[in-house]
Amino acid sequence: MMDIQTQKIEALIGEMTLEEKIGQLQQRGPSLVGAFEVSFEELLDMMFDGRISQEEFGKLMSTAEQDFHEEELRAGKVGSYNGVGDARTANRLQKIAVDETRLGIPLLFGYDVIHGFRTVTPIPLAESCAWDPELWQRTARMSAEEATAAGIHMTFAPMVDVAKDARWGRVSEGAGEDTLLNGDYGAAKVQGFQGENLAKADAMVACLKHFAAYGAGEAGKDYNRVDMSLQRLWEEYLPAYKACIDAGARAVMPAFNDLNGVPCTVNEWLLRDVLRDEWGFEGITVSDANAIAECVNHGVAADRQAAAKEALQAGIDMDMTSNVYAENLAGLIQSGEIAEDLLDQAVYRILKLKAELGLFENPYRTDEEKEKHTLVRPEYRALAREAATKSMVLLKNEAVLPLNSQQKIAIFGELANDSGQMTGAWAIGARGEDCVSLVQALDAQGIDYAYHPGIVDGILAIAEINQLAETADVVIVAIGEQKEESGEAASKADISLPAIQLELAETLLRTGKPVVVVLFNGRPLAIPTIAEQVPAILEAWHPGIEAGNAILDILYGVVNPSAKLTTTFPHATGQCPLYYDHIATGRPGGKSKFTSKYLDTPLEPLYPFGYGLSYTTFTYSGLQVETAEDAVRLSVTVKNSGNREGEEIVQCYVQDKVAKRARPVKQLKAYQKVLLQPGESITMEFAVLFEKLGYYNQKMDYNLEAGEFTFFVGGNSRDTLSETIDLSFG
């Protein structure tokens, strides 16, 4: 028997015209009109390729108006909006939908709330370095509370694309190169965004993305092809998406890329066979922006009409902004090329999600007053600061840090004094005035410092640099990437620092003063010279609105750094993709000539996966590995061998020594964070289920193969204790 909700939805579908059904599949975004003769997209291209300056672009935008396509809405041709991020506009449009359309079906508002709405937290790559699912869930909950107060119902997050190539700009949006960490990160974000009940006013639908394997684009180029074996897909890339589905994600966004030649947007095997039939997903699928139309560019659809047909048949419920469904589905159904039942299934899923959100009973879940009193609360800023301190990785420290209040500081670099750069990519709800730069934090805390950008109009200010450094006890230099240099459409062929920034650091080193480099970036960087010559390096990433305060917390030892890298740092760009869990080869890299290596880079990465320092030290001893009924159980003693309290992230890896398919040299299987006082020891225990030790064979059967397995436990993927045991899985 059908439940009451299903009966109501099916009855509503029965009342809808063909046009109204198609309208539910249409996600519109506001258009900009009135200031220029070309489309907004072409205007953006004109700015990016230099035909107009950023200043000219800004002047044109200042006279533009937003068109929300209200007449289409009144006609029942719009079911959802993307990019509406304020309560006043959302409620105005919702009122049109509820009061002025024939059936009064409420709207669904989606928005890119990737790492905070107004209270922006560290970029996901940074936050993943905390190795802390409870933190990830708390920051997502905060994001949902803010975003829903602004009228948003769905976020296009989390992104759980395993990303092993630092050249890809969107590495900044996910949890790095490891499968397990991406799944844990994504599941925590889903739970935080959605809360316990979607009908609550502060619950926000999580739309996981980009399904699937978007992070494996060839050569690290955005939107590029993905060609891989099904075995690798199932072992390395799909598990993170499955973890989000298991956590209850109610929406999925297919990826821009093709997967083994078939664009994910029209990939029926991916969207129906795997997602719905095998994984049991019952939520909605939302195309990425314009992705259905781009199937024509892929060469798998002859025209927009064919793209619409293929996308609906493959399982795309909602068309984000391409208008392909709106223009073509009616004709396809009227001609009999598509059965109307297929359309009805998509409409049903969309209406069901709106019902789960409680929008039919309460379409106005917020108002301007609630929005005003929710955004950027003091407790939210405190959480953003906590997240930032837990995300910053101490890469090097030769007795320079922590600083003390008696030292006079000279600080250099434009990024030290640019609060707007602190948010990183995809922080579209952020406001520069909310953010705290490093210089602003120094001012606010009354620290004795002097500042100079060091580079003026692209030239080193040598005299000023030397003069200012001479007055200081310690020199800090802020270098790295602008936020626009990472994120979508920001792939790079060279991930090293600009020459002028290296010259700035080298100039400061020549002063003889202790130098601390603070890195701001959205991806791993190739920094061999910095790593070799600079005595202290703090990887701050793009840390969010509390950037300056959090950095000072680390530099002055108010917080003992505990973060560990979730992505490998190469010596040179040419090593990309470089990642810890690579497959064993017949000629492993070594000193002999005929081995797998580059002639001009070291064998080991600059900084390995899982690496990060503390102001204390930890030692490991007594690793024991034994089998139980259904798992391998490990124990190890971890001691704080330093002189201050600190947190250590203890990591457990495994290698299948002999198998019928070549296996990775190491795979992360478990981790725990532990707080230890000076001199304190603790025995840490891990259980690795047998079912996690298998692999897919050539026939795509999942195998648990008896034999030798080596287990590793340590503070990073390189420096570990190990023990090998025989497993029979009897």
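In this predicted model, the buried residues of helix 6 pack against helix 5 (70-74), strand 4 (80-82), strand 5, helix 8 (133-149) and helix 16 (368-374). The residues concerned are Ala87, Thr89, Ala90, Asn91, Leu93, Gln94, Ile96 and Ala97. Residues three or four places apart in an α-helix point the same way, because there are 3.6 residues a turn. Helix 6 itself covers residues 87-100, 14 residues in total. From first C-alpha to last, helix 6 reaches 19 Å, close to the 20 Å expected at 1.5 Å a residue.

Strand 4 and strand 5, two of the elements that helix 6 packs against, are members of an open sheet of eight strands. The strand order is 11-8-7-6-5-4-1-12, and the pairing is parallel. Strand 11 (284-285) and strand 12 (319-320) stand at the edges with a single partner strand each, so one side of each has no neighbour in the sheet. For strand 11, two parallel bridges make the pairing with strand 8 (residues 251-254), and Ala251 has Ile284 of strand 11 as its bridge partner. Helix 11 (residues 268-278) lies across strand 7, strand 8 and strand 11, and runs at about 130 degrees to strand 7.

Another strand to follow is strand 18, residues 474-480. Seven of its seven residues are buried, so strand 18 is largely enclosed by the rest of the structure. In a regular strand the side chains alternate between the two faces of the sheet. Both faces of strand 18 are covered: one side carries Val474, Ile476, Ala478 and Gly480, the other Val475, Val477 and Ile479, and all are buried. Strand 14 (residues 409-412) runs parallel to strand 18 and is joined to it by four bridges, with Ile409 opposite Val474. Strand 19 (residues 515-520) is also parallel to strand 18, through six bridges, and here Val475 stands opposite Val515.

The domain assignment divides the protein into four parts. Domain 1 is made of several segments (13-30 + 70-107 + 261-267 + 283-365), while domain 2 spans 32-67, domain 3 spans 379-555 and domain 4 spans 618-727. The centres of domain 3 and domain 4, taken over C-alpha atoms, are 35 Å apart.

Side chains of opposite charge can pair when their charged atoms come close. Over the whole structure, 45 salt bridges are found. One of them joins Lys209 and Asp112, at 3.6 Å from N to O. Lys209 is in strand 7 (residues 205-211) and Asp112 in the loop between strand 5 (108-111) and helix 7 (124-128), so this pair links distant parts of the chain, 97 residues apart. Lys209 and Asp112 are both buried.

Glu327 and Arg304 form another salt bridge, at 3.0 Å from N to O. The pair ties together helix 14 (residues 324-334), where Glu327 lies, and helix 13 (residues 304-314), where Arg304 lies, parts that are 23 residues apart in sequence. Arg304 is partly exposed, at a relative accessible area of 32%.

In a further salt bridge, the closest N and O atoms of Asp553 and Arg385 are 2.8 Å apart. Here helix 22 (residues 547-555), holding Asp553, is linked to helix 17 (residues 378-391), holding Arg385, and the two residues are 168 residues apart. Asp553 is buried, with a relative accessible area of 8%, whereas Arg385 counts as partly exposed at 28%. Salt bridges with shared partners also join Asp132, Glu134, Arg138, Glu386, Lys390 and Lys673 into one network.

Notes. Residues numbered from 1 in each chain as written. Predicted model: local features only at pLDDT ≥ 70, side-chain atom pairs only at ≥ 80, totals over all residues. Heavy atoms only, no water. Salt bridge = Lys/Arg side-chain N within 4 Å of Asp/Glu carboxyl O. Buried < 20%, exposed > 50% of the residue type's maximum accessible area, 1.4 Å probe, protein only. Domains from an automatic or database assignment. Expected span 1.5 Å × (residues − 1). Contact = heavy atoms within 4.5 Å. Pairing = 2+ DSSP bridges. Axes fitted to C-alpha atoms, helices over the stretch in contact; angles between N-to-C directions.
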